[in-house]
Each structure stands twice: as structure tokens, then as C-alpha cells.
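Please keep the sequence and the model in view while reading.

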Amino acid sequence: MEKTLQILFRWAINLILAAAFLLAAAVWLPKAFHMKAYVVMSSSMEPAIKAGSVIYVKPYEKNEAICPGDIISFQAGDVMVTHRVVSADLEGQSVTTKGDANQLQDSAPVPFSNIYGKVRFHIPALGYLLLRQ
């Protein structure tokens, strides 16, 4: 009985250490690839990206075009928004965006200078763990 408890205790410790390692990797590893991690707080991009997901945003490469269908993060007033590009105006250096769950496009075009980058990938629900205090 005592040996069984020791084995269970070791498994529990290993599981906790593995979870801590994976959580740390999810937060710090993207920095090595020049990405930033953000927690999605709203449901405007559902079902593609659910609230509570962690998104990994990387600036566009020098010759990479901003295309309709890209999911971008950008500054809108005092908040960061993550929405899908509906159209790009190369002459006006702006894009029109829309949240997948929203009925209407965003009211104002987003200047290229306000775009943080393109969402490269996301991990659902991880943000709930990062936001717990």
C-alpha cells in the first residue's frame, strides 16, 4: 500500500512539473520566434478563435502582403483588437476588418501603422490558466 502511494505521488509530481513546463514554454518560447502572446478576452472571433484562447502574433515580414482572410491584431483607441481582414487598400495603407461573430464590418479602416501583426496560431483555453491569480 505504501509503495502504491509513493508511485502515485511521483506521478502527480511529474504531471505537475510537465504542466508547468508546457505552460512556461507556451508563454516564453514564442519570444524566440519574435512573437507576442495575448489572451483573447472577447468572443468576436468565434468560432475561429474562442474567448480565453492565447493568440501568438508576429509582425508581417518585409515582403509579406496583408491579405483578406488574415487574422490581425491592431490598436483601436486604447485597446488591442483581433479581427479578420476583409479588404486591404494598398494606396490608402489601411485595411477593413470584421470579427467573425460580428454582423457588421468594423466602422473605421485600420491604418497599416496600427497593425501589430498577423495571428500565426492560437491555443484554446490556455488564457484561462494565465489569467488566474
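Methionine 1 is placed in the segment before α1 (2-32); helices (H or I, at least four residues) and strands (E, at least two) are DSSP runs, numbered from the N terminus. Methionine 1 is exposed, with a relative accessible area of 80%; here buried means under 20% relative accessible area, exposed over 50%, and partly exposed in between (1.4 Å probe, protein chains only). Together, Met1, Leu5 and Leu8 make a nonpolar surface patch of about 390 Å². Patches consist of residues with over 30% relative accessible area and no salt bridge, where like charges are joined within 9 Å and nonpolar side chains (Val, Leu, Ile, Met, Phe, Trp, Tyr) within 5 Å. Accessible areas come from the Shrake-Rupley method with a 1.4 Å probe, and for residues only the protein chains shown count as cover.

The model is predicted: local features need pLDDT of at least 70, side-chain atom pairs count only at pLDDT 80 or more, and totals for chains, interfaces and linings use all residues. Residues are numbered from 1 along each chain as its sequence is written, and side-chain values use heavy atoms, with hydrogens and water left out. The protein has an average pLDDT (the predictor's confidence in each residue, from 0 to 100) of 89, and 95% of the residues score at least 70. Confidence is highest in strand β5 (residues 94-98), with a mean of 97, and lowest in helix α2 (residues 126-131), with a mean of 73.

Seven strands form an open sheet with antiparallel pairing, in the order β1-β2-β7-β3-β4-β5-β6. Its edge strands, β1 (36-39) and β6 (110-111), each pair on one side only; two strands pair if DSSP finds at least two bridges between them. Within the sheet, strand β3 (residues 71-76) and strand β7 (residues 115-123) run antiparallel and are joined by three bridges. Serine 73 stands opposite glycine 117 in β7. The side chain of serine 73 also meets that of threonine 82 in a polar contact of 2.8 Å. Such a contact is a pair of N or O atoms within 3.5 Å; within protein, one must be able to donate a hydrogen and the other to accept it, and residues adjacent in sequence count only if both atoms are side-chain atoms. Threonine 82 lies in strand β4 and is buried, with a relative accessible area of 14%.

How many salt bridges does a search of the whole structure find? There are five, each defined as a side-chain nitrogen of Lys or Arg within 4 Å of a carboxyl oxygen of Asp or Glu. In one of them, glutamate 61 is joined to lysine 58, with the closest N and O atoms 3.3 Å apart. Glutamate 61 is partly exposed at 44% relative accessibility, and lysine 58 is partly exposed at 22%.

Glutamate 64 and lysine 118 form another salt bridge through their side chains (3.9 Å, N to O). Because glutamate 64 lies in the loop between β2 (54-58) and β3, and lysine 118 in strand β7, the pair ties together parts that are 54 residues apart in sequence. Glutamate 64 is partly exposed, with a relative accessible area of 24%.

Aspartate 100 and arginine 84 also form a salt bridge, with their closest N and O atoms 2.8 Å apart. Aspartate 100 lies in the loop between β5 and β6 and arginine 84 in strand β4 (residues 79-89), so this pair ties together parts that are 16 residues apart in sequence. Aspartate 100 is partly exposed at 28% relative accessibility, and arginine 84 is partly exposed at 26%. Finally, salt bridges that share partners join Glu64, Asp70, Lys118 and Arg120 into one network.
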